[in-house]
Amino acid sequence: MTHTTGTHSTVVADSNHHHTGDPATGKKLALLTLTALGVVYGDIGTSPLYALKECFNGPHGVEPTPANVVGVLSLIVWSLILVVSVKYIGFILRADNRGEGGILALLALLLQKTGGMMGAGQEKLKKRIIALALFGAALLYGDGIITPAVSVLGAVEGVSVIAPSLQNLVVPISIFLLLALFGAQRFGTDRVGKAFGPIMFVWFASIAALGVPHVLEHPEVLRALSPTYAVMFGIEHGWHAFVLLGGVVLAVTGAEALYADMGHFGKRPIRLAWLMLVFPCLLLYYFGQGAVLMSDAGARANPFYSLAPGVLQVPLLILATMAAIIASQALISGAFSITQQSVQLGYSPRVTIVHTSEQQSGQIYIPEINTLLAIGTVLVVLGFKSSSALAAAYGIAVTGTMAITTLLFYQICILRWNWPRWRAMTLAGIFLSIDLAFLGANMLKILQGGWVPLLVGAGIYTLMTTWKRGREAVGQLLRRSTLPTELFLSDIKRKEPVRVAGTAVFMTSDADGIPPVLLHHLKHNKVLHEQVVLLSVVSKPVPYIDAGMRVTVEALGAGFWRLRAYYGFMQSPEMRDIMTSARGSGLICSTGTTSYFLGREQLLPNGPARMSRWRKKLFILMTRNARSATAFFKIPPGRVVELGTQIEI
């Protein structure tokens, strides 16, 4: 085992390194804000394609009477204010782990705090926090499959508004566009964002411009700015209003991705983009749609395209399709970030992590996840065939994650910010009541397709927990066969085995004892190198650790050295960097005379580990398909020696 997690340890070093750099100002801030538009706000920015349509034309839609229009608009407006502006922009973005956002960054933040307090109650709380966060992260993968599908389908369906005879082409066109989007991911978030940002700027400016004339025609829609109309709508419609929240929530579904993508751009550009552009433009377009529905009840079949005059319908269709493709980016980027965090925190096997920007190290591309998301999205499009059918499946995953984020935020308030319990409970209680109302309304959609993201989430959760438990079981078994350092060194001094020129680096998950791979080497080859380095790569629950504080070197005597390399969960360890830092700390070795010894474990499912047999088999399958340590740590392949061992788990 060559990769260990140190989530229970104290943090080695505070890192001042944020991949978003110093607080951006001027030109840099404007560029980051524009780029954030293309990645962070695509999802929530294209909600007008289907949100209001589902409220008036969906399976639980209401009649578009003036009172109902204002009531539904008021629900949407105040959902945007309370969920996005207050909860996420105002509070959740403050709960960052040194610049990184997302549910696993939140988990790592809490693990730093709970790591030092290991009473029985604290251990129980910690297990609950971990389970909640992992399930929330798993749900986001389900959302990452449905978001691209519903956004692109919602836009391409404009074809049938303009030319009904082309209805049969909606699904093939959508699949082609989605495959092109996933194909573009290898160019990286930075390039994708720079290409998409200006398009999203045009999108927001266009929908605002289209909404204004209709709002001027029916200014009474502005009454929706008062929450009393949302309350009155709820009282008047009762249960039906609650069910309708399943459509209203579609207006805020990009909020969780906004938080997950914070590490790509930083808080300031994200807040600025929302308050100065995204929020006002969305309001104008929703009000414009409401005004059109007041004039023409028939527009509820597709209120989005009803705002544009005939001559602008085709340009709007093209722009909407481009915006919908971009909308998918937020969840795709978020899935990459979550996967990297999972690997480093020990909840996922090693995967290929490609850094796509030299300036901003948070921008990554993971081919394996990209391929799985692409397959899942295409299958969903083929299965549901329309945005309305998909709207039933959409929402459960994201509202579940929103509720879990609120519960974790409550723990942050108490454990990290030392808020009084009443204060934390009041704020979290308000947020949670909204989240649970949305989640409850969406739970009614389970049979209509809501089972899809839940099934994906449950599957991912099972994989994450199986990997964690399996690695812990293997780690315990390896530690049992690890020899105490002092005992081994005294034995070496006494027996004086043959020493050969060069340096041997033995990778080990145990940062203290002598690893089994070294004992096997000595037993079978009867020789040792002049210099033997015991290397442990330890992941810490912080995003970044400074290069200058990342590596520690300890001389053990008899030509033995203990080398520990500490990495944050948003960093990818590379052997070249580790050895360069080690040489700077006093270890004398040259690249040409250094060999790397790795243990290759053959796992058998008939051992003592307290895991069910199916989990053991699943873990063994995951281990076989994990990326090799040689590739993950970028070790020169020609200098690697692998020694096999059988382990019964």
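**Nonpolar patch.** I looked up which element gives the largest share of the nonpolar patch, and found α16, with three residues. The model is a predicted one. The patch lies on the surface and consists of V161, I162, V314, I318 and M322, with about 380 Å² of accessible area together. Two elements give two or more residues to the patch: α7 (158-162) and α16 (310-345). I then checked I162, which sits in helix α7. I162 has a relative accessible area of 34%, so I noted it as partly exposed.

**Q289.** I placed Q289 in helix α14, which spans residues 267-295. Is Q289 buried or exposed? Its relative accessibility is 0%, so Q289 counts as buried. I listed its contacts, leaving out residues up to four places away in sequence: P48, L52, P303, F304 and L307.

**Salt bridges.** My search of the whole structure gave eleven salt bridges. I took K267 and D96 to begin with; their closest N and O atoms are 3.2 Å apart. K267 belongs to helix α14, while D96 is in the loop between α4 (66-91) and α5 (103-114), and the pair links distant parts of the chain, 171 residues apart. K267 is partly exposed at 27% relative accessibility.

Next I looked at E574 and K634, whose side chains meet in a salt bridge at 3.9 Å, N to O. That value is inside the cut-off of 4 Å for a salt bridge. E574 is in the loop between β7 and α24 (575-584), and K634 is in the loop between α26 (629-632) and β9 (640-648), so the bridge ties together parts that are 60 residues apart in sequence. E574 is buried, with a relative accessible area of 18%, whereas K634 is partly exposed at 40%.

I also noted R600 and E642, a salt bridge with an N to O distance of 2.6 Å. R600 is in strand β8 (residues 594-604) and E642 is in strand β9, so this pair ties together parts that are 42 residues apart in sequence. R600 is partly exposed, with a relative accessible area of 48%. E642 is also partly exposed, at 35% relative accessibility. Finally, I found D491, R494 and K495 linked in a network of salt bridges.

**Aromatic pairs.** How many aromatic pairs does a search of the whole structure find? I got 17. One of them is F409 with W417, which is edge-to-face, at 5.6 Å centre to centre and 80° between the planes. F409 is buried at 1% relative accessibility, while W417 is partly exposed at 26%. I recorded F488 and F560 as an edge-to-face pair too, 5.6 Å centre to centre with 75° between the planes. I noted F488 and F560 as buried. I also found one aromatic cluster formed by F91, F409, W417, W419 and F431.

**Cysteines.** I looked for disulfides and found zero in the structure. C55 counts as buried at 0% relative accessibility, and C589 counts as buried at 11%.

Key. Residues are numbered from 1 along each chain as its sequence is written. This is a predicted model: local features need pLDDT of at least 70, side-chain atom pairs count only at pLDDT 80 or more; totals for chains, interfaces and linings use all residues. Side-chain values use heavy atoms; hydrogens and water are left out. Helices (H or I, at least four residues) and strands (E, at least two) are DSSP runs, numbered from the N terminus. Buried means under 20% relative accessible area, exposed over 50%, partly exposed in between (1.4 Å probe, protein chains only). Contact means heavy atoms within 4.5 Å. Patches are made of residues with over 30% relative accessible area and no salt bridge: like charges are joined within 9 Å, nonpolar side chains (Val, Leu, Ile, Met, Phe, Trp, Tyr) within 5 Å. Accessible areas come from the Shrake-Rupley method with a 1.4 Å probe; for residues, only the protein chains shown count as cover. A disulfide is a pair of cysteine sulfur atoms within 2.5 Å. Rings of Phe, Tyr and Trp (its six-membered ring) pair if their centres lie within 6.5 Å; planes under 30 degrees apart count as stacked, over 60 as edge-to-face and the rest as tilted.
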